[in-house]
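Please open the structure in your viewer and keep the selection tool at hand.

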Amino acid sequence: MAITPLMPVYPRCGVRPVRGEGCYLIGEQGERYLDFASGIAVNLLGHGHPKLVGAIAEQAATLMHVSNLYGSPQGEHFAQRLVDATFADTVFFTNSGAEAVECAIKTARRYHYADGHPERVKLITFKNAFHGRTLGTISATDQPKMRDGFEPLLPGFEVLPFGDLAAVEAAIDATTAGFLIEPIQGEGGLTPATPEFLQGLRRLADEHGLLVVLDEVQCGYARTGTFFAHEQYGIVPDIMAVAKGIGAGFPLGACLATEKAAKGMTIGTHGSTYGGNPLAMAVGEAVLDVVLEPGFLENVRTMGARLRQALEQMIPNHDHLFQEVRGMGLMLGLKLKTDSRAFVAHLRDNHGLLTVSAGDNVVRVLPPLIIEQSHIDEFIGKLSDAARSYAPEEQA
Ligand SMILES: *Cc1c(COP(=O)(O)O)cnc(C)c1O
């Protein structure tokens with residue numbers, strides 16, 4: 001047997017973490033890494049945060065799981081807090097980002113069905129998008145590496161260039177249900193939508209009776225310095241998928257919607273065995289407690305601005321390697337003039353620095369949201385050393 005017991009679908013690197021401490025990961029041999037990847041924008045409180053660890057221990061000992069056949073005081077309380085803090089009137093809890101997007105897609109279709117337009121099934125989505133790995137969410141993208149061999153996929157998606165409002169307007173027809181978009185594309189290359197584009201989608205949706213469905217799985221939950229990224233664009237969605245940061249490392253996601261958009265989601269239309277169980281809700285509450293503490297979002301904005309400025313100052317010193325800095329808050333991308341995967345490997349293997357590569361040769365810089373100035377200084381110091389010692393030809 002040549003296949004590994006762990007199904008070999010990931011290109012795993014040599015880092016094998018066994019412990020985490022704040023903004024650091026520790027490997028099997030005791031090696032320390034500065035973690036500016038955060039499990040891909042997940043561990044927003046770093047590793048081993050006492051409030052999160054304490055909440056999990058306490059809830060696990062009290063009540064871990066019950067069926068959604070029963071009333072959920074824990075879910076009602078956490079959902080109310082999310083409703084109070086966002087555009088939404090109602091929340092469905094999931095275990096992952098892809099499931100949150102699936103629920104968003106179902107909610108959008110069901111809205112039009114309940115609204116007397118069962119023909120409105122098609123969501124317009126965008127090139128380089130990433131919405132997850134379920135059959136439904138890969139159907140919403142056009143990337144061969146995710147789709148090949150899995151067809152036939154789910155019909156009802158049309159993929160258009162990210163940012164081309166005229167193309168979107170031209171594509172709207174009697175079967176269009178709405179738009180599904182990441183305000184800042186993560187996997188695709190850390191590419192923020194322009195305000196004109198998102199505001200234009202909102203306007204088109206209002207004019208044509210369509211829904212704006214945001215995928216804030218990566219850019220949401222304080223990552224950009226506001227609770228959700230769309231707040232900085234001056235628009236509100238009808239439906240929004242959330243995950244990653246919401247559980248800060250515990251598998252938790254959510255689909256948020258307005259009362260109007262959720263009008264088709266009646267009893268029996270959707271479900272999940274684990275979704276929103278008491279342990280997940282205790283995690284969600286503990287993370288939200290920290291995120292809503294006075295000064296938390298301000299720290300994200302301050303640290304984000306300093307990190308960005310420090311990165312921008314480095315560019316002229318290494319202009320053979322670095323092209324530009326993109327992103328918002330602590331969701332930053334350093335665009336390289338060369339292969340970002342090789343440079344991410346160099347940072348990791350030779351400088352103890354964890355980052356994540358994205359499409360378009362971008363190095364994603366996604367630190368825990370609790371970083372302090374000392375972490376930025378350490379990061380920038382190591383990144384400069386790495387850039388100075390980097391010879392891409394030798395890596396190849
Ligand atoms: C990570 C991600 C997903 C998928 O989340 P999973 O928890 O891996 O299912 C969906 N959309 C975006 C924008 C993401 O970054």
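Select arginine 133 and then the residues it touches: Ala98, Ile138 and Met146, leaving out residues up to four places away in sequence. Contact here means heavy atoms within 4.5 Å. The model is a predicted one, in which local features need pLDDT of at least 70 and side-chain atom pairs count only at pLDDT 80 or more, while totals for chains, interfaces and linings use all residues. Residues are numbered from 1 along each chain as its sequence is written, and side-chain values use heavy atoms, with hydrogens and water left out.

Arginine 133 is located in the loop between β5 (122-126) and α5 (135-139). Helices (H or I, at least four residues) and strands (E, at least two) are DSSP runs, numbered from the N terminus. Is arginine 133 buried or exposed? Its relative accessibility is 58%, so arginine 133 counts as exposed. The terms are defined by relative accessible area: buried is under 20%, exposed is over 50%, and partly exposed lies in between (1.4 Å probe, protein chains only).

UniProt positions follow the numbering used here, feature names are shortened, and annotations may be inferred rather than shown by experiment. Serine 272 belongs to the loop between β12 and α9 (278-291), and serine 272 is buried, at 18% relative accessible area. Beyond its neighbours within four places in sequence, serine 272 is in contact with Asn68, Phe92, Asn95 and Glu99.

Move to lysine 244, in the loop between β11 (239-242) and β12 (253-257). The unreviewed UniProt entry places "modified residue: N6-(pyridoxal phosphate)lysine" at Lys244. Among the residues that lysine 244 touches, apart from those up to four places away in sequence, are Ile40, Val217 and Leu252.

Now select phenylalanine 322. Which residues of the largest nonpolar core touch the most other members? Of its 102 residues, these are Phe179, Tyr221, Leu307, Phe322, Phe343, Phe379 and Leu383. A nonpolar core is a set of buried Ala, Val, Leu, Ile, Met, Phe, Trp, Tyr and Cys residues joined through side-chain atoms within 4.5 Å. The largest share of this core, eight residues, comes from α9.

Then select strand β13 (residues 322-328). Five of its seven residues are buried, so β13 is largely enclosed by the rest of the structure. β13 pairs with strand β14 (residues 331-336) in the antiparallel sense over six bridges; two strands pair if DSSP finds at least two bridges between them. Valine 325 has leucine 334 as its bridge partner in β14. Two residues lie between the strands of this hairpin, where glycine 329 takes a positive phi near 60 degrees.

Finish at valine 18, in strand β1 (residues 17-21). Valine 18 counts as exposed, at 55% relative accessibility. With residues up to four places away in sequence set aside, valine 18 touches Ile26, Gly27 and Glu28.
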